[in-house]
Amino acid sequence: MPTYLGQNQYGKAENRVVRITRDGAVHHIKDLNVSVSLSGDMDEVHLSGSNANVLPTDTTKNTVYAFAKEHGIESAEQFGIHLARHFVTSQEPIKSARIRIEEYGWERIETPGEGEHSFVRRGQETRVAQITYDGSSWEVVSGLKDLTVMNSTNSEFWGYVKDEYTTLPEAYDRILATEVSSRWRFNWSDDAQETPDWEESYAQVKQQLLLAFAETYSLSLQQTLYQMGSRIIEHRDEIDEIRFSLPNKHHFLVDLKPFGLKNDNEVYFAADRPYGLIEATVLRDGCEARIPVDLTNL
């Protein structure tokens, strides 16, 4: 036979599950999009069509909903750990499970009456997590995407290479804006280790990320990226690696001279494309990079 079967996996993608926890009149929401991917002794389903080792993807979907009831959703990471452990330990042919989760945030609408059960969808980032388990070790990668941030000053860009095609003027006071996509890898990998506080960790990583962005006097978006990553690793002992993908959301000064007006860094054109794209990984000293370079594959 001139071909052979390489890596393969299967599962149920984008299972939308909303879990309401009712604490009397006070309600809490966890809103997830869960994708399950399983791999192991699955050659025959490809080679001969035998489904003898195949757990139906419909079953994996049902498991997501059942676990939301049985275990609740303490955090995206913990929920993914419950699912991955279940699939690997309950089905002998399954050797590895990968759970990818997006979490959508909701904020409580405060009302003068009794009860706290009204919410508005939070318009900031989407939280993400990927949990991988092979029966003995774990890899947890958390992150966020679509977090748009801006500094209206304290940013410059000058001293760069110039050739016959360069038209960009040097900037000594510019807007710096980006839409943060980031993934960070935990050094927790074994059940014998103390499990991180996933919710607290996420909140603190986001806080340090935002503080670094706000407090860095930026000479380039690359410099800001490195400061963000370094600050997170310095403040969060549970994290060994963090990768960023940062599009430069360009804001160009509008030429108002044709109208007899002076534009003193007041009126800008916000360009959505083309845009600069800055990507890099920041690592704890002595650690190796394991987060994929292309975050679209994570």
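**Talking through the sheet, its helices and a pocket**

Trainee: In what order do the eight strands of the open sheet run?
Mentor: Keep in mind that we're looking at a predicted model. Strands of a sheet pair through backbone hydrogen bonds, in either the parallel or the antiparallel sense. Here the pairing is antiparallel, and the eight strands of the open sheet come in the order β1-β2-β3-β6-β7-β8-β9-β12.

Trainee: Which strands are the edge strands?
Mentor: Look for strands that pair on one side only. From one strand to the next the twist averages 20°. The edge strands are β1 (15–23) and β12 (276–283).

Trainee: Which residue in β12 is the bridge partner of Arg243?
Mentor: Start with strand β9, residues 239–248. β9 and β12 pair in the antiparallel sense over eight bridges. In β12, the bridge partner of Arg243 is Thr281.

Trainee: How far apart are the end C-alpha atoms of helix α3?
Mentor: Helix α3 covers residues 76–90, which makes 15 residues. The expected span is 1.5 Å times one less than the number of residues, so α3 should span 21 Å. The model agrees with that, since the end C-alpha atoms are 21 Å apart.

Trainee: At about what angle does α3 run to β3?
Mentor: α3 lies across β2, β3, β6 and β7. Its buried residues, among them Phe79, Ile81, Leu83 and Phe87, pack against several elements, including β2 (26–40), β3 (94–104), α2 (57–70) and α4 (198–215). Relative to β3, α3 runs at about 160°.

Trainee: And helix α5, at about what angle does that one run to β9?
Mentor: Helix α5 takes in residues 221–235. It lies across β8 (176–186), β9 and β12. Its angle to β9 is about 155°.

Trainee: Which element supplies the largest share of the lining of the largest pocket?
Mentor: That pocket has a volume of about 550 Å³ and is lined by 21 residues, with Leu168, Ala171, Arg174, His250 and Phe252 nearest its centre. α5, β10 (251–253) and β12 each supply at least two residues of the lining. The largest share, three residues, comes from β10.

Trainee: Is Glu14, with its positive phi, exposed or buried?
Mentor: Most residues other than glycine have a negative phi, but phi of Glu14 is near 55°. Glu14 lies in the segment before β1. Its relative accessible area is 57%, and over 50% counts as exposed, so Glu14 is exposed.

Trainee: What relative accessible area does Asp146 have?
Mentor: Asp146 sits in strand β7. Asp146 isn't a glycine, yet its phi is positive, about 65°. Asp146 is partly exposed, with a relative accessible area of 38%.

Trainee: What separates the C-alpha atoms of Thr59 and Lys12?
Mentor: Thr59 is found in helix α2 and is partly exposed, with a relative accessible area of 30%. Thr59 and Lys12 are 47 residues apart along the chain. Their C-alpha atoms are separated by 8.8 Å.

Technical notes: Residues are numbered from 1 along each chain as its sequence is written. This is a predicted model: local features need pLDDT of at least 70, side-chain atom pairs count only at pLDDT 80 or more; totals for chains, interfaces and linings use all residues. Side-chain values use heavy atoms; hydrogens and water are left out. Helices (H or I, at least four residues) and strands (E, at least two) are DSSP runs, numbered from the N terminus. Buried means under 20% relative accessible area, exposed over 50%, partly exposed in between (1.4 Å probe, protein chains only). Contact means heavy atoms within 4.5 Å. Two strands pair if DSSP finds at least two bridges between them. Axes are lines fitted to C-alpha atoms, for helices over the stretch in contact, and angles run from 0 to 180 degrees between N-to-C directions. On a 1 Å grid over the protein atoms alone, a cavity is a set of points where a 1.4 Å probe fits but cannot get out, and a pocket is an open set with protein on both sides within 12 Å along at least five of seven lines; lining residues have an atom within 4 Å of a point. Grid points are joined across faces, edges and corners, and a volume is the space filled by probe spheres set on the points.
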